[in-house]
Structure formats: structure tokens, C-alpha cells
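Reader: I've got a structure to go through with you. Can you take my questions as they come?
Author: Go ahead.

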Amino acid sequence: MKDVLCIYSSRTGKTKQAMEEIAQALDGELLELRDGVDRSGWRGFLRSGLDAMRKDTHPLEPVEPAQKLEAYRLVILGTPVWAGRCSSVMRGFLKQYGRQLKHTALVITRGGESRYTEVFRQMDGYLPERHIAAVSLRMDSVGCHFWEEDFLRRVREFLEGLET
């Protein structure tokens, strides 16, 4: 059984790309969150931004990891930034399952120059403990792979520390 779960929401595919790379590098299980809301095109963009600003969530499609959430040594949560907040899809997951997660790491993807570090604080509010590592990625930027590698190094160090 895999002991790292990489779970994410992605509207444009950029968060999906980042989380696929991270899951592959850590030999982790990958799971996409969906809430059944059409988030495609400009209407989806506007709907997503409004949902995030209002902190609205919609019922999630069934979440079925290979084992119970509590069994994973680490759960890595990936979300795009919508209107300066974590996506409403991820917020819905955190509201429903956040307290079941022992150890977490956070990945946010963004389109702008701001690092949106306040999104980490928002997500931590739904978790029993503060995250062990976090990264803010702008997928098309020059430094993206450097920060992703730095994040992976910190996660590996944490996992190695759990083994001792």
C-alpha cells in the first residue's frame, strides 16, 4: 500500500500537472476531487471565483482513496488559488475530511505574481495540525521546478524522520 496520498482539485489542469509530478516523485497515490459543478470556460471561471469569495462549497463526488485517510503517513493537498483563497472544491474536502488527516503538506498553484501564502493559513484552519511543508507554484514561471524540488526535499526529510 502507498503511504502518501496526493489529493487535488484543478480547474485548468495546472494543479493536476503539479500533483501528478509530485505523486510520481514520491510514489504516492493520486486522487482528484470534483464537486460536479461545471467550472469550464469563462462562466466556470466566474462561478469558481464567486464560490471562493463567498466560501461556498458544493457536495463532493465520492472520495475513494485506497485506504482510510488516517492510514496515510502524509496527505498532500493541492489546490489552485481562486480569488485569493483555496478552491471551493478543496474547502469542501477540508470541511468534510480535514480533521481525519494526521500529517499534511500543501501545494497551491497560482496565475499571478503574489505567492498567496495566506491560503496556507486558510487551509490549516481545517486541519488538526499545521502543515509540515508548503509550496506556492506558478506553473509557467522560471523558478517553478526549483521550488517543487525544494518542496519534495522537505517532504522526503519529513517521511525519513517518521521512520526513525
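Reader: How much space lies in the second largest pocket?
Author: About 170 Å³. Bear in mind that this is a predicted model.

Reader: Which residues lie nearest its centre?
Author: Ser10, Leu33, Arg34, Val37 and Arg39. They belong to a lining of 13 residues.

Reader: Which one gives the largest share?
Author: α2, with four residues.

Reader: Let's zoom out. How many helices and strands are there in the protein?
Author: Five helices and six strands. From the N terminus, the order is β-α-β-α-β-β-α-β-α-β-α.

Reader: Why call it as compact as a globular protein of that length?
Author: The radius of gyration is 15 Å, and the globule rule gives 15 Å for 164 residues, so the protein is as compact as a globular protein of that length. Along the principal axes, the C-alpha atoms fill a box of roughly 50 × 35 × 25 Å.

Reader: What share of the residues is buried?
Author: 48% of the 164 residues.

Reader: And what about contacts between residues at least 6 apart, how many of those join residues at least 24 apart?
Author: 76% of them.

Reader: What does the accessible surface come to?
Author: About 8500 Å². Carbon and sulfur atoms account for 49% of that surface.

Reader: Next topic: helix α3. Why is it largely enclosed by the rest of the structure?
Author: The helix covers residues 88-97, and eight of its ten residues are buried, so the rest of the structure largely encloses it.

Reader: Which residues of α3 are buried?
Author: Ser88, Val89, Met90, Arg91, Gly92, Phe93, Leu94 and Tyr97.

Reader: Now the backbone. What's the phi of Asp27?
Author: Near 50 degrees, which is positive in a residue other than glycine. Asp27 sits in the loop between α1 and β2 (29-32).

Reader: Is Asp27 buried or exposed?
Author: Exposed. Its relative accessible area is 52%, and the cut-off for exposed is over 50%.

Reader: What about the phi of Tyr116?
Author: Tyr116 also has a positive phi, about 55 degrees, although it is not a glycine. Its place is the loop between β5 (104-109) and α4.

Reader: How accessible is Tyr116?
Author: Partly exposed, at 23% relative accessible area.

Reader: Last one. Where does Glu157 lie?
Author: In helix α5, residues 144-163. Glu157 counts as partly exposed, at 45% relative accessibility.

Reader: What separates the C-alpha atoms of Glu157 and Met139?
Author: 24 Å, for two residues 18 apart along the chain.

How values were computed
Residues are numbered from 1 along each chain as its sequence is written. This is a predicted model: local features need pLDDT of at least 70, side-chain atom pairs count only at pLDDT 80 or more; totals for chains, interfaces and linings use all residues. Side-chain values use heavy atoms; hydrogens and water are left out. Helices (H or I, at least four residues) and strands (E, at least two) are DSSP runs, numbered from the N terminus. On a 1 Å grid over the protein atoms alone, a cavity is a set of points where a 1.4 Å probe fits but cannot get out, and a pocket is an open set with protein on both sides within 12 Å along at least five of seven lines; lining residues have an atom within 4 Å of a point. Grid points are joined across faces, edges and corners, and a volume is the space filled by probe spheres set on the points. The radius of gyration is taken over C-alpha atoms; the globule rule is 2.2 Å times the number of residues to the power 0.38. Buried means under 20% relative accessible area, exposed over 50%, partly exposed in between (1.4 Å probe, protein chains only). Contact means heavy atoms within 4.5 Å. Accessible areas come from the Shrake-Rupley method with a 1.4 Å probe; for residues, only the protein chains shown count as cover.
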